[in-house]
Structures are given as C-alpha cells and as structure tokens.
Amino acid sequence: MEKKQKRAPLLPHFFLRAGLVLIGGYLVAGLVFNQVDIAAKQKELQDLENQLEQQRQQNDELERVLESGSDQEIIERVARDKLGYAKPNERVFIDVTGQ
C-alpha cells in the first residue's frame, strides 16, 4: 500500500518568499540611500575644508598686515579702504571706469 504524500500548503511559502524579497529590497534601498547621503556629506565636508583654508589664508594676511605697521597706520588704512573715511577737507576721487 502506498501512502499518499501530503503536500505542504503553498500559501505560507509564498508569504515567506515575499517577506524575504521585501526585506531584501528594504535593505538594498537603505544601502543606496546611505551611499547617496555619504556622498553628499563628503562634498559638504570638502566645501567646508575649502572655506577653512580660505579663512586661514585671510587670517595669515591679516596677521602680516598687523605686523607690518603701527596700530595707528592700520586703523587709518582700514578706515580709508574699508569704511570710505577721509581726513577733514580731503577730497577723495573714485575711479568709476572700472579700470
């Protein structure tokens, strides 16, 4: 007498496979998004490092200017160049030709 083999229901296997596919897809999507985020953060870091280098160069230039003259000369230079001040009864001519 041959015994009939019982077949396992297919529905639980389907859900198991579908669940594994969904979990795998979620993990792959998370990995891709993380890689994109890492690339964006690396670019941001590079931009900040460039800004830092520019700021260091500007600081070095300012230190060199401070060491090159007296305090009064520096104050006068900044007042004239940056703030547009002039001495009393002094005429300041501005070249508007752009040359």
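Reply: Happy to! In what follows, Ala, Val, Leu, Ile, Met, Phe, Trp, Tyr, Cys and Pro count as nonpolar, Asp, Glu, Lys and Arg as charged, and the others, Gly among them, as polar. The model is a predicted one, in which local features need pLDDT of at least 70 and side-chain atom pairs count only at pLDDT 80 or more, while totals for chains, interfaces and linings use all residues. Residues are numbered from 1 along each chain as its sequence is written, and side-chain values use heavy atoms, with hydrogens and water left out.

A pocket here is an open set of points on a 1 Å grid over the protein atoms alone, where a 1.4 Å probe fits, with protein on both sides within 12 Å along at least five of seven lines; lining residues have an atom within 4 Å of a point. Volume is the space filled by probe spheres set on the points, which are joined across faces, edges and corners.

The largest pocket holds about 170 Å³ of space. Its lining consists of Leu-62, Val-65, Ile-74, Arg-77, Val-78, Asp-81 and Lys-82. Two or more of these residues come from each of α1 (10–68) and α2 (71–81), and α2 gives the largest share, 4 residues. By type, the lining has 4 nonpolar residues, no polar ones and 3 charged.

For context, the protein chain has 2 helices and 0 strands, where helices (H or I, at least four residues) and strands (E, at least two) are DSSP runs numbered from the N terminus.
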